[in-house]
Amino acid sequence: MDGSKAVPLTEMPLGIDATTEDEYALQSRLLQEFTSISSFDKAWIKSDTRNGSQQAMFSISQPNLLANKRRKFILSSHISKGSSNSVKFEWAPIPVEMTGVSVIVPSPSGSKLLVVRNPEAEAPCQFEIWGPAQVEKEFHIPQSVHGSVYADEWFQGISWNSDETLIAYVAEEPSPPKPTFTYQGYKKVSTIDKDSANWKGQGEWEEEWGETYVGKRQPALFVININSGDTQAVKGIEKHLSVGQVVWAPPVRGSQQYLVFVGWSADTRKLGIKYCYNRPCALYAVKAPLYGSEADGQEIKHDILGEFFNSSRDNSIKDSPVVNLTKSISSAYHPRFSPDGKLLLFLSSRSAVDSGAHSATDSLHRIDWPIDGVPCSSFIIFDVIPVVMCADDGCFPGLYCSSFLRNPWFSDGCTMVVSSFWGSCQVVLSVNVLSGEVLRISPTNSNFSWNVLSLDGDNIIAVSSSLVNVPRIKYGYLVDRQKKSTAWNWLDVPSPTNECSEKVESLLSSLQFSIMNIPVRDVSDSLTKGAGKPFEAIFVSSKTKRSDSFDPLIVFLHGGPHTVSLSSFSKSLAFLSTIGFNLLLVNYRGSLGFGEEALQSLPGNIGSQDVNDVLVAVDHVIDMGLASPSKIAILGGSHGGFLTTHLIGQAPEKFFVAATRNPACNLALMVGTTDIPDWCYVEAYGIEGKNRYTEAPSAEHLALFHSKSPISQISKAKTPTLFLLGAQDIRLPICSGLQYARALKEKGVAVKVIVFPNDNHPIDKPQSDFESFLNIGVWFKRYLF
């Protein structure tokens, strides 16, 4: 008998076999190098009046795969200017990690910094006021006052007042009391003994704002006095209003100060708001509960209603402590006051609200703020940038701007600087809010994308990147300010760190990209002018073409459908480009950045117009000799997944392998499970779907939804498909993707499904994003190499 010990066989991880294990190891090492590239998110500038120099503070983020979180850093730089418009950035040697920090907001003067640390579980919310060399104040706000401060891109609103003694902000309302039970059953609150054994019930369920807001309580408005720590909820705001994006109105001597905020009304159901600009909202004004300078130690006053009802300005103010400033328009958000306090600017998504499309062409508007500082509900709203329906070739296509800088103003007090989509690029614009003049000030001869980070007086700090160039900081200035020139010069700012490894830099340097105009096929007389114009696609390829064959092509399709694939750097797409694939990013009609007529041509035509646009774009690159018809993969998530699964059914011979993230495969199933059921109606029916929308779809509705869905085309599908699904997704619940995957398996089609149990719609947690694109790369190589 052999006495040697048996060596156990090593079991392969789920989803990996011996033929792909080496490929997993090889690709994962490269993907980690891309993942480690940091991003410049924000910047703030403080001027030193003594010597004319500036101090800059940059917010930088980087994925932390082991912790499955994003690291946040602050990196400082001293900016000095020399002759001939030269500029020098002297970077701090090491960035400072902001561990546990939810949001930071400098004061207007730059002398103070608010740092907010949101609580875990039932701990207090922590506010820190930093000075030049130390933490000067620290306040712990208990859960009985409010929950976490909103730090998202939508409801977040943190605003210092002019004398930097008060901060207005948006936080979760305190938890409502829940029923308490003991061994004797339900007990009234007044009779509960704290030491007795008991448990909390659930109470009544409350509506939430959908995707990413599950478990978040109603956003409410608060003001904290940073000298005393006294925190007050702003009174008088009706329960049905969810508030956000608060700013202080300009102070008027002798008058109590006002707050201006955005309010979203929800009388019945709160439909999903993430990525959905079609939710009606308005600007409101309310008197602040804390006002006046605390520097002299005067008593804080809280009785706002008594003074409020003594106002004799107009009946609307007497009757309500909250004034709707924008009653005549269906959407108003991101308020900004001009430096002199005379103008109130705001963005509007009224095209989205009025049509029902989840996003559309924006507009910019102005209100003349009263000299006495007392708001009213009958302001005249002036158009600064109206909705552009169809632009001439090369001209401004319309405003596509989701937010503003905290201080977006040049020194003239009437020119704003914004980032906006322009076709397949993001550009930097200057907007004169009095004349309405719009100028593109990032380079017009560049297909790179640009995003403004901050203003340094009348100069601009921005980030520029492309699909094959990592982000780099740029410093822009007017070529000849004295002659009122409109030409801008952009200087390269030496990076404080190595943007990427030498290996990644070398791989990227071998790539190129171009933006193609794709003519619309079969233009009918019923199309609007804008809907008949060519759409765009971005093509990424190697600079050196192999003489004997083509690199396989990945057709990438953005979601929405009313979003856009930009030319800006994407770590995941750059990774796919460097492992041997060409890319084709199709901005089919309905994408942002091309005018309102082109966008509104898609609702009512999903599953046909967008599908045909993708097929036309693929044929275009094949006809140009840039791709082989036998080496094409398709990749998309959300509505891009809708298109991916549609295309493998409608054009089964065209695509040899597919991958999709949280796809919309069956609208008849989606409408009863999603947080945006109105999306199904608008995209299936067109603008009339807004009026057809109901929580109880009829058989006729469900039949149309099914006919528009990829599941209706599955009988012809035969493409091997990878499904990446977030188990916490309530935008496109996991059942939609699983149903389609199981139906493919039933037909004998090769299918792989990976479920991320703690991810929602974007699947953007660092570990999940990493595993997703690693599997996409391996899956595509398996079938195309």
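Modeller: What follows looks at helix 11 and then at other places in the chain.

This is a predicted model, in which local features need pLDDT of at least 70, side-chain atom pairs count only at pLDDT 80 or more, and totals for chains, interfaces and linings use all residues. Residues are numbered from 1 along each chain as its sequence is written, and side-chain values use heavy atoms, with hydrogens and water left out.

Start with confidence. pLDDT is the predictor's confidence in each residue, from 0 to 100. The chain averages 91, and 92% of the residues score at least 70. Residues 1-9 stay under 50, with zero contacts beyond four places in sequence. A contact means heavy atoms within 4.5 Å. Residues 291-319 are also below 50, yet this stretch has 59 contacts beyond near neighbours in sequence.

Now helix 11. Helices (H or I, at least four residues) and strands (E, at least two) are DSSP runs, numbered from the N terminus. Helix 11 spans residues 677-685, and nine of its nine residues are buried. Buried means under 20% relative accessible area; exposed is over 50%, and partly exposed lies in between (1.4 Å probe, protein chains only). The buried residues include P677, W679, Y681 and Y685. Charged residues by the class rule (Asp, Glu, Lys and Arg) are there too: D678 and E683 are buried.

What covers helix 11? Its cover includes helix 4 (350-355), helix 9 (639-650) and helix 10 (667-670). Helix 12 (689-692) and helix 13 (699-708) belong to that cover as well. After helix 11 comes G686, with a positive phi near 90°.

G640 sits in helix 9. G640 counts as buried because its relative accessibility is 0%. Leaving aside neighbours within four places in sequence, G640 is in contact with L557, H558 and G559. G640 and T660 are 20 residues apart in sequence, but 7.8 Å apart in space, C-alpha to C-alpha.

Next, some backbone angles. Most residues other than glycine have a negative phi, and most peptide bonds are trans. S638, in strand 36 (residues 632-638), has a positive phi near 60°. S638 is buried because its relative accessibility is 17%. N662 lies in strand 37 (residues 657-663). The phi of N662 is positive too, near 45°. With a relative accessible area of 1%, N662 is buried. The peptide bond from G560 to P561 is cis, with omega near 15°. P561 is in the loop between strand 34 (553-557) and helix 6 (571-578).

Then S102. This residue is in the loop between strand 5 (96-97) and strand 6 (103-106). At 18% relative accessibility, S102 counts as buried. The S102 side chain reaches the backbone nitrogen of N118 at 3.1 Å. Not counting residues up to four places away in sequence, S102 touches K72, V116, R117, N118 and A151.

Note on methods:
Polar contact = N/O pair within 3.5 Å; in protein donor to acceptor, adjacent residues only side chain to side chain.
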